[in-house]
Amino acid sequence: MGLFKNKRKHSSFHAENGSGKTLHKNLQFTATEQYNLIRANLDFTLPVDEKCPVIGVTSSMRGEGKSTTAVNLSYVFAKKGSKVLLIDADLRIPSVAKKLGIESSPGLADLLRGKGAQISEFQSHLLPNWFVLPSGDIPPNPSELLGSARMENILNQLREIFDYIIIDLPPVNIVSDAISISSLISGMIVVIREEYTEKKELERCFRQLKLSNVKILGCVMNETKTGSASYGRYKKYKYYKYYKYYQSEPAGTKK
């Protein structure tokens with residue numbers, strides 16, 4: 001792969017830095033099952049003939065759990081046996097590297113600036129088929145970089161290597177970054193945090209995504225308090241009333 005050409009010292013994941021029970025292999029059984037259900041729903045929602053779906057994960061506001069969702073979703077896809085790349089494209093306030101206890105650079109911003117890297121540098125020690133591309137050094141123009149021809153070129157090259165690409169994106173209502181990259185992804189997952197997400201912010205988020213012709217794959221309800229407490233922090237895809245802006249139902253909707 002031409003993009004990843006400069007030989008560098010191989011880097012590996014460090015031990016988790018206090019992630020507790022909310023990340024990858026530390027998830028409780030019930031939370032893991034819910035992520036597995038989301039993965040299964042996405043398999044039914046995504047086009048069968050698409051070589052490597054690129055799935056964006058965003059939210060309307062900060063603090064709704066989008067980054068944690070992106071990490072865990074990419075992990076369960078890899079646990080199933082697929083070759084998966086998680087990209088931290090929140091180039092303003094990145095958090096994936098910190099959550100996983102890895103170095104934040106080299107990363108996406110470095111690739112967008114034309115610097116090379118070995119794809120093996122981003123391989124997880126947890127699963128041989130799970131790769132994480134961190135943010136890299138924070139650039140002054142994230143939105144322009146994410147919507148650039150170089151970003152498209154990077155994704156096209158990565159599609160030849162992986163089965164799935166999961167991208168953690170900034171909240172839609174705060175910056176335009178998620179909208180900038182919308183034409184390059186297969187669809188978007190919107191994370192909603194119960195008793196935290198504001199109705200007006202969620203409506204605004206959906207409105208902006210609709211205007212940008214973004215395909216919504218579904219909504220993840222995070223921190224739900226309803227139902228059995230044994231389900232922990234995560235529930236399956238739920239039909240959310242503000243999804244009325246879209247004609248199709250989100251993945252996992254049950255009638």
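Is Cys205 buried or exposed, and what is its relative accessible area? In this predicted model, Cys205 is buried, with a relative accessible area of 0%. The cysteine whose sulfur is closest to that of Cys205 is Cys219, at a distance of 8.5 Å. This separation is too far for a bond, since a disulfide requires the two sulfur atoms to be within 2.5 Å. Cys219 likewise takes part in no disulfide, the nearest cysteine sulfur being that of Cys205. Cys219 counts as buried, at 2% relative accessibility. The count of disulfides comes to zero.

The chain contains eight helices and seven strands. It has 255 residues, of which 56% count as buried. Contacts between residues at least 6 apart in sequence were also examined, and 81% of them join residues at least 24 apart.

In soluble globular proteins, nonpolar side chains tend to be buried together. The largest nonpolar core in this model is made up of 40 residues. Within this core, the residues with the most contacts are Ile87, Leu108, Ile165, Ile167, Val190 and Leu209.

Two packed helices are described by the angle between their axes and the distance between the axes. For helix 1 (residues 29-45) and helix 2 (residues 66-79), the axes come within 9 Å and cross at roughly 75°. The two helices are therefore roughly perpendicular to each other. Helix 1 contributes Tyr35, Asn36, Ile38, Arg39, Leu42 and Asp43 to the contact. These residues meet Thr68, Thr69, Asn72, Leu73, Val76 and Phe77 of helix 2. By class, the contact between helix 1 and helix 2 consists of six nonpolar, four polar and two charged residues.

Helix 6 (residues 149-159) has as its buried residues Met151, Ile154, Leu155, Gln157, Leu158 and Arg159.

Asp110 counts as buried, at 4% relative accessibility. Apart from neighbours within four places in sequence, Asp110 is in contact with Ser105, Lys115, Gly136 and Asp137. Asp110 and Ser135 are 25 residues apart in sequence, while their C-alpha atoms are 8.2 Å apart in space.

The loop between helix 4 (108-112) and strand 3 (130-133) holds Gly116. Gly116 counts as buried, with a relative accessibility of 3%. A distance of 9.0 Å separates the C-alpha atom of Gly116 from that of Pro106, and these two residues lie 10 residues apart along the chain.

Notes. Residues are numbered from 1 along each chain as its sequence is written. This is a predicted model: local features need pLDDT of at least 70, side-chain atom pairs count only at pLDDT 80 or more; totals for chains, interfaces and linings use all residues. Side-chain values use heavy atoms; hydrogens and water are left out. Axes are lines fitted to C-alpha atoms, for helices over the stretch in contact, and angles run from 0 to 180 degrees between N-to-C directions. Helices (H or I, at least four residues) and strands (E, at least two) are DSSP runs, numbered from the N terminus. Angles under 35 degrees count as roughly parallel, over 145 as roughly antiparallel, 65 to 115 as roughly perpendicular and the rest as oblique. Contact means heavy atoms within 4.5 Å. Ala, Val, Leu, Ile, Met, Phe, Trp, Tyr, Cys and Pro count as nonpolar, Asp, Glu, Lys and Arg as charged, and the others, Gly among them, as polar. A nonpolar core is a set of buried Ala, Val, Leu, Ile, Met, Phe, Trp, Tyr and Cys residues joined through side-chain atoms within 4.5 Å. Buried means under 20% relative accessible area, exposed over 50%, partly exposed in between (1.4 Å probe, protein chains only).
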